[in-house]
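The model is a predicted one.

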Amino acid sequence: MHSSKPPLGRPSGRTLGLTLALVSAIAFGGSGTAAKPLIEAGLSPLHVVWLRVTGAAVVLLPLAYRHREAVLRRPGLLIGFGLLAVAGVQACYFAAISRIPVGVALLIEYLGPPLLIGYVRFVQRRPVSRGAAIGAGVAVAGLACVVEVWNGLSFDLLGVLFALGAACCQVGYFVLADAGSRGDRPVDPIAVSAYGLLIGSVVLTAFTRPWQADWSKLGGDVVMNGHTLPALLPAAWMVLVATVLAYLTGVVAVRHLSPPIAGVVANLEAVVATVLAWVLLGEHLGLPQVTGGLLVLAGAFAAQASKPAAAPDGQSGTSPESGRDAGLAAVPAGAPALGERLARAAGAGTAQEKEYGQEKEYGRER
C-alpha cells in the first residue's frame, strides 16, 4: 500500500515550496539595496531596471535555447508571463513612484496577494482557506507599518492606478506560474522564467531606451554605506541573485504551493528589503517598521500553516503531501486557471499543439 509520507531524507512538496518561496522573497528583497548605489552613481532607475531584466535574460539564454520547444508548447503562457510578471510589474511600479510616495506605491503593489485570493475565490470559484485570507490581511497591515504609509500621504489618481496595475501584474505572476504546470502540455519553470525575462527585456527596451544611458559608470566605483566598491559588484548581485535566482525559485515555489500561499509568503520581500537597507545602506529602522515586519511574518505563518479549504461537494481535495493544498482545494472541472485559458486560446487549433499534445508530460517540477 502506498504511503502518503515522503521518504526519509526527502522534503515534502509543501516544505520544498515554502523553502523556495522564502529564498525567492529574500532574493527579490535585495534588488533595491543593490540598485540604490547604481542610481546614486548616475544611472536612472529605469535604466537600472532594464539592466536587471536584460542581464538576467542574457544569463538564461542557454537555458532558453535548451527549452526552445516551450515556445511552441505554450506560447500564450510565456508571452503573458513576460508582459505581466516581468515588464508589467516593473513599468507600472516605476510609473507609480513618479507620481506618489514610494511607501504608498509599495503598499498598493503588495495588495497583490489579497487580490489573488479574491481572484481565486470569486473568478476561478476555487475555495480559499480562512487562514490564507487572514494571513493576507495581517501581512498587508504589517506592510503599512513597514513602509510607514502615513508619512507623505497624498492622492494622485493616476499614480494610484499605476500602483494597482503593478498589483494586478503581480497576480498574473502567481497565476501564470501556477498555470505552467497544468494541462497536457506542462512547461518547465526554467523555460517560463527564461522566456518571461527575455520577452520582458524586449518590451522594456522600447520604453527605457537603454542606448541613452551612460554605461561607463559600471566600470567605476560606487558607495554603499560609506564603503567604496566596484559598481559591477552590486550590478552582478542584482542580476544573478535578485532576478535570476528570485524568478527561478519563485516560479518553482508556486508549483509546490497554492498561488495564494506563495503570494502571502512573497510579502516578506518588503521586510527583507527594509532590513537589508538598514544593515547595508545605514537607513533608519524604527519601531513601526519592526512591528510591521513581525506582523508580516505572522501573516505568512498563518497562511502557510492553514488547513486545506473544504472542496466542493462531490470533489476530493488534493493530496496532503502535494504541497498545493494549503489554502486551496482541488480545481473544479471546467474552471481552469486564467493563464491556462490564455495559453489555450493563444494556440488553439495549431498544428504544433496537436503534435505536442500527444507527448508525455515534460519538465514538471516535483
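Helix α1 (residues 13–29) packs against α12 at an angle of about 155°, and their axes lie 7 Å apart. That angle is over 145 degrees, so α1 and α12 count as roughly antiparallel. The crossing of α1 past α12 is left-handed.

**The α1–α12 contact**
- From α1, the contact draws on Gly13, Arg14, Leu16, Gly17, Leu20, Ala21, Val23, Ser24, Ala27 and Phe28.
- From α12, the residues include Val241, Ala242, Leu245, Ala246, Thr249, Gly250, Ala253 and His256.
- By class, this contact of α1 with α12 has 13 nonpolar, 6 polar and 1 charged residues.

**The largest nonpolar core**
- This core holds 75 residues.
- Leu38, Phe81, Tyr173 and Leu197 touch the most other members.
- Helix α12 (residues 232–256) gives the most to the core, with 11 residues.
- Beyond its neighbours within four places in sequence, Leu38 is in contact with Leu43, Val48, Leu218, Val222, Ala231, Pro234, Ala235 and Met238.

**Helix α13**
- In α13 (residues 259–266), 8 of the 8 residues are buried, so the helix is largely enclosed by the rest of the structure.
- Among the buried residues are Pro259, Pro260, Ile261 and Gly263.

**Arg209**
- Arg209 has a positive phi of about 50°, although it is not a glycine.
- Arg209 sits in the loop between α11 (189–208) and β1 (221–224).
- With a relative accessible area of 44%, Arg209 is partly exposed.

Note on methods
Residues are numbered from 1 along each chain as its sequence is written. This is a predicted model: local features need pLDDT of at least 70, side-chain atom pairs count only at pLDDT 80 or more; totals for chains, interfaces and linings use all residues. Side-chain values use heavy atoms; hydrogens and water are left out. A nonpolar core is a set of buried Ala, Val, Leu, Ile, Met, Phe, Trp, Tyr and Cys residues joined through side-chain atoms within 4.5 Å. Buried means under 20% relative accessible area, exposed over 50%, partly exposed in between (1.4 Å probe, protein chains only). Helices (H or I, at least four residues) and strands (E, at least two) are DSSP runs, numbered from the N terminus. Contact means heavy atoms within 4.5 Å. Axes are lines fitted to C-alpha atoms, for helices over the stretch in contact, and angles run from 0 to 180 degrees between N-to-C directions. Angles under 35 degrees count as roughly parallel, over 145 as roughly antiparallel, 65 to 115 as roughly perpendicular and the rest as oblique. A crossing is left-handed if the near helix is turned anticlockwise from the far one by less than a right angle, and right-handed if clockwise. Ala, Val, Leu, Ile, Met, Phe, Trp, Tyr, Cys and Pro count as nonpolar, Asp, Glu, Lys and Arg as charged, and the others, Gly among them, as polar.
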